[in-house]
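Colleague: Could you take me through this model step by step? I would like to start with a single residue and then move on to the whole.

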Amino acid sequence: MGELSAMMGEEATPQTPLRARRALLKRLADVVSLPASRINAFERSVTGDLLVEMLRLASREERRRVASRLAPLAELPNSVARLLLRDEAEIAGLLIEQCASLSDADIVGCARDASFEHRLLIAARRGLSEIVTETLFTFGEMEVIEAVLRNRTARLSQVGIEAVVGLSRPSPNLCGLLLKRPELRPSGAYVMFWWCAAEDRRTILQRFAVSREVMQEASEDVFPMAAEEGWADPVARKALQFIERRQRNRAAIEKSPFDSLEQAVMVAARDGLTRETASEIAFLAGVKPLTGAKLLGDPGGEPLAILCKATGMSRVDLTNLWRSMRRPETLADGHVHPDWERVQITYEMLAVDRAQTVLRYWNWSLSSALTPSLLRAIRDGEDDMVDEYSAPERAAMMVLAEDFGR
């Protein structure tokens, strides 16, 4: 003991035998690993503190052995966990992959303080909580985000889902992964539709174009109440407009130069689609001009099928609308153009009520939600203020950001 005291505070020289150090590391790791019946929490904590001090000066192989020994533990001293989780990825990975006793705080701390490789390992860990996945998303690392989305045992919050929906615009490869997540809601899917690939759009319409029948039955007696009040309450009016069965704006016919929506589309097919005719089509269809412009200007064309089905227009009207924008119907070899074929399939696959749900959500989020403060946020890029906005407002921010030059 006298020799030991004399050497305290001094580091062993390279020539000093390290058998005792290795043995002591193993013994301390064994003590930390004892069951609760053999060691109490305080004893385990003190032993862990001593083990940490030794690990700071241990070799890479020694640290790896200790991490491998401690990974299966049901209870791990916090000081040891903190040190090993911030070690190089190969060592930290033993705990990240195997240690079930790590808390969310341990994992979040590792994600924030360690490297990309650590976050990639965390992304594949079983049973990730919402707070952990949200933290991983904040770094904006595509490989990590994709790994989280592929992790079927990970749980995603709606805040996390919305963040990834926003990231999917510049990174469309995220769309397919998002569509496999059970946490994705119609609001996110409808927004993502605008930049998804054709196959992903089809999936969105098949999975998220929901009926409003239950809402219609539940609120059937509210419509006459609102009518008696002269539709004076804007909140109730806007909600009932979303729920009601009728899509076309009958009042717009009286002010329109056209006798019907079909006539407006037919004239557009004959003379070409002008700004004025496009606005009239939007008004007659019961959507705002901004929504109409977004529908008519979509490169893929599927929104045209949704517009026609939602408003009760026929396949002839869909053809006229397609021709009004001088879009190709056939290829040079005479076969049907893939875009036109896809639009026709979209028209056939959707029921009227479900098409109306999608169209009305777009109209709600793309125009009704555009308050002056939201317009400023879109122009100025105030993404840090996104939590202050409602679901349709956040949808409008993501969809229209590009249209406002962001």
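Colleague: Is W231 buried, partly exposed or exposed?

Modeller: W231 counts as partly exposed, because its relative accessibility is 34%. Buried means under 20% relative accessible area, exposed over 50%, and partly exposed in between, with a 1.4 Å probe and protein chains only.

Colleague: Where does W231 lie?

Modeller: W231 is placed in the loop between α16 (222-228) and α17 (234-243). It has a positive phi of about 55° although it is not a glycine. R326, in the loop between α23 (315-324) and α24 (338-349), is not a glycine either and has a positive phi of about 60°.

Colleague: What should I know about the source of the model and its numbering?

Modeller: This is a predicted model, in which local features need pLDDT of at least 70 and side-chain atom pairs count only at pLDDT 80 or more, while totals for chains, interfaces and linings use all residues. Residues are numbered from 1 along each chain as its sequence is written, and side-chain values use heavy atoms, with hydrogens and water left out.

Colleague: How many helices and strands are there?

Modeller: The protein has 27 helices and zero strands. Both are DSSP runs numbered from the N terminus: helices are H or I with at least four residues, and strands are E with at least two. Of the 406 residues, 46% count as buried.

Colleague: Which helices pack together, for example, and at what angle?

Modeller: Helix α5 (residues 78-85) and helix α6 (residues 89-98) pack at about 130°, with their axes 8 Å apart. Axes are lines fitted to C-alpha atoms, for helices over the stretch in contact, and angles run from 0 to 180 degrees between N-to-C directions. α5 is therefore oblique to α6. Angles under 35 degrees count as roughly parallel, over 145 as roughly antiparallel, 65 to 115 as roughly perpendicular, and the rest as oblique.

Colleague: Which residues meet there?

Modeller: From α5, A81, L84 and L85 meet I91, A92, L95 and I96 of α6; contact means heavy atoms within 4.5 Å. The residues of this contact are seven nonpolar, no polar and no charged. Here Ala, Val, Leu, Ile, Met, Phe, Trp, Tyr, Cys and Pro count as nonpolar, Asp, Glu, Lys and Arg as charged, and the others, Gly among them, as polar.

Colleague: And how do α9 and α10 cross?

Modeller: The axes of α9 (residues 130-137) and α10 (residues 142-150) come within 9 Å and cross at roughly 155°. The two helices are therefore roughly antiparallel to each other. T133, L136 and F137 of α9 make the contact with V144, I145, V148 and L149 of α10. These residues divide into six nonpolar, one polar and no charged.

Colleague: Changing topic, which side chain does S168 join through a polar contact?

Modeller: The side chain of S168 makes a polar contact of 2.8 Å with that of W195. A polar contact is a pair of N or O atoms within 3.5 Å; within protein, one must be able to donate a hydrogen and the other to accept it, and residues adjacent in sequence count only if both atoms are side-chain atoms. S168 sits in the loop between α11 (158-167) and α12 (173-178) and is buried, with a relative accessible area of 0%.

Colleague: What about T291: buried or exposed?

Modeller: T291 counts as buried because its relative accessibility is 0%. T291 belongs to helix α21 (residues 289-296), and a polar contact of 2.9 Å links its side chain to that of N363.
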